[in-house]
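Got your viewer open and ready? Let's walk through this one stop by stop, selecting as we go.

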Amino acid sequence: MRCPPPAGARGYEPCCERLHFGSPAYILNERSVNIRGAEGCGLNIIEVIMMATPQTGLSAVKEDPGTTAAADDAAEAGQARFDQILADDSRIEPRDWMPEKYRKSLVRQIGQHAHSEIIGMQPEANWITRAPSLKRKSILMAKVQDEAGHGLYLYSAAESLGTTRDAMTDQLIEGKARYSSIFNYPAVTWADMGAIGWLVDGAAIVNQVPLCRASYGPYGRAMVRICKEESFHQRQGFEILMELANGTQAQKQMAQEAVDRWYAPSLMMFGPPDGDSPNSQQSMQWNIKRFTNDELRQRFVDMLAEQVKTLGLTLPDEDLKWNEERGHYDFGELDWNEFKEVLAGRGPCNSQRMERRREAHEEGAWVREAAAAYARKMAARNAEQTVGAAS
Amino acid sequence: MTGGSTTGDDGTRPVDTEAEEDQYANEPWPLWEVFVRSSRGLSHVHAGSLHAPDAGMAVRNARDLYTRRNEGVSVWVVPANAITASDPDAKGAYFESAAGKDYRHATYYKKSEGVKHL
Ligand SMILES: [Fe+2]
Ligand SMILES: [Fe+2]
């Protein structure tokens, strides 16, 4: 098993998040603690939202398949219209004709994205009971609830392409679907909550802001909603680190060690280098992706290199330095073998994450069944009353 | 189906002897479209969709999913399969009657230019 450097894991084994694991934090209701969400979102996000042509659109409605000849004609006309819509940088909507590859690629990408949000609840949910104050617990609950929401927005978007949420959930639980490798790293100290918010949510924002303009309407709209919420996530993380960095020597060290742990994995969230990313090209031609992995990674490093100064901490990268000529920060090589290992299921927490997800799904089965049974019963009762009233 | 830990689960479902229960065990919840009125005086606008077993739960889920930050003062949920939409392939022809009828717009009428309050 490959684990990240155990530098900050004082007294903890990697993967020990569950040492003091409380009650499953899957059904959370922010209302009970009355939180007002942070409003702020960066200017760049607003700009992108303005460009995102937020027309409303409905989920997939089934259509009758035509005869073969008619279907061929329709496909040809459909392809032409599809190409034109992309050329105009407009949006594809659920009932539009689209190439099968475009549909499949979107289902895969949106599905993976949704799974990442859902699995991503775990490292932080595991810390809710141990957060150092009631306020911090409330904030963490609100964040975890947001991540659940993000997962649901995205499942809905994928569902409009004809793959049901249940099917996607099954794929995840059966280990047939991927999620972001970042969530297979353990969060071993409270400072990790800060580092996750600042670095992991931060990387997610850089990745997601351009996706607000993805050519598939429902995906773009889900991303607009998500991006608005992410900036609260990043800021609360930054604030946790800020407080620790200005605390005692031990607290500052804890913050530094958490940053050391999460820095490289967060840079890998943008995916493999452009040369090793065969899907990127196609995805950019389809206007799903707007920037390459390396472009986004560079943008993120440039932001971090400045922000870390405010924290009074450092980034664990000896090669990090400003390059006047490029107008960007240079940074060191990442360990892509580690990335591949984690993605292949051999990260520090893969099996724990999957096991927890399965447990939650199976143990929640009776709730889903009971709700369905109740709905059936009420529907039958209503029908009876209607019949009774009519006769 | 309510059995304890599923550690070591290989993806297969436990055998259930109660046929009736089994019939509904994996029944998917219907899909609902959610419309949110962001403030008084504005229309409800489509916000997204969700799954729920019935209308009451759909409204509650919609509240939790789409109005966590005061995004709405009212929520509608509509069964997705109750919505009838225009045919997307007939787009051009279907909305053609509006095209070429500039006279439906105030800007078509030039003679009144410069006349106040008109
Ligand atoms: Fe998220
Ligand atoms: Fe987040």
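**Stop 1: charges over rings**

Select A:Arg130 and A:Trp127: the charged end of the arginine sits over the tryptophan ring, 3.9 Å from the ring's centre. To count as sitting over a ring, NZ of Lys or CZ of Arg has to be within 6 Å of the ring centre and within 35 degrees of the ring normal. Now pick A:Arg299, which lies over the face of A:Phe291 at 4.3 Å from the ring centre.

A quick word on what you're looking at: this is a predicted model, where local features need pLDDT of at least 70 and side-chain atom pairs count only at pLDDT 80 or more, while totals for chains, interfaces and linings use all residues. Residues are numbered from 1 along each chain as its sequence is written, chains are lettered from A and ligands numbered from 1 in the order in which they are written, and side-chain values use heavy atoms, with hydrogens and water left out.

**Stop 2: the iron ions**

Select the iron ion (ligand 1). Which residues coordinate the iron ion (ligand 1)? Show A:Glu117 (OE), A:Glu147 (OE), A:His150 (ND1) and A:Glu230 (OE), at 2.0 to 2.3 Å. Donors here are N, O and S atoms within 2.8 Å of the metal (3.2 Å for Na, K and Ca), and water is not among the atoms, so sites may look incomplete.

Why is the arrangement around the iron ion (ligand 1) called irregular? Because its four donor atoms subtend angles of 83 to 149°. Four donors count as tetrahedral if all angles lie between 85 and 135 degrees; four count as square planar and six as octahedral if opposite donors are over 155 degrees apart and all others between 65 and 115; anything else is irregular.

Along the sequence, the donor residues of the iron ion (ligand 1) follow the spacing E-x29-E-x2-H-x79-E. Colour two of the helices to see how this links distant parts of the chain: A:His150 is in helix 5 (residues 134-159) of chain A and A:Glu230 in helix 8 (residues 217-245) of chain A, 80 residues apart. Helices (H or I, at least four residues) and strands (E, at least two) are DSSP runs, numbered from the N terminus.

Buried or exposed, what is A:His150? A:His150 is buried, with a relative accessible area of 0%, and A:Glu230 counts as buried at 1%. Buried means under 20% relative accessible area, exposed over 50%, and partly exposed in between (1.4 Å probe, protein chains only).

Next, click the iron ion (ligand 2). The two iron ions are 3.3 Å apart, and A:Glu147 coordinates both.

**Stop 3: aromatic rings**

How many aromatic pairs does the structure hold over all chains? There are twelve. Rings of Phe, Tyr and Trp (its six-membered ring) pair if their centres lie within 6.5 Å; planes under 30 degrees apart count as stacked, over 60 as edge-to-face and the rest as tilted.

Select A:Phe82 and A:Trp97, an edge-to-face pair at 6.4 Å centre to centre with 80° between the planes. A:Phe82 is in helix 2 (residues 68-87) of chain A, while A:Trp97 is in the loop between helix 2 and helix 3 (100-119) of chain A. A:Phe82 counts as buried at 2% relative accessibility, whereas A:Trp97 is partly exposed at 28%.

With all four selected, you have a cluster linked by ring pairs: A:Phe82, A:Trp97, A:Tyr102 and A:Trp286.

**Stop 4: over to chain B**

Show the chain B cartoon and look for three strands forming an open, antiparallel sheet in the order 2-1-3. Strand 2 (44-51) and strand 3 (74-79) of chain B are the edge strands, each pairing on one side only. Two strands pair if DSSP finds at least two bridges between them. Six bridges join strand 1 (residues 31-37) of chain B to strand 3 of chain B; one to pick out is between B:Val34 and B:Val77.
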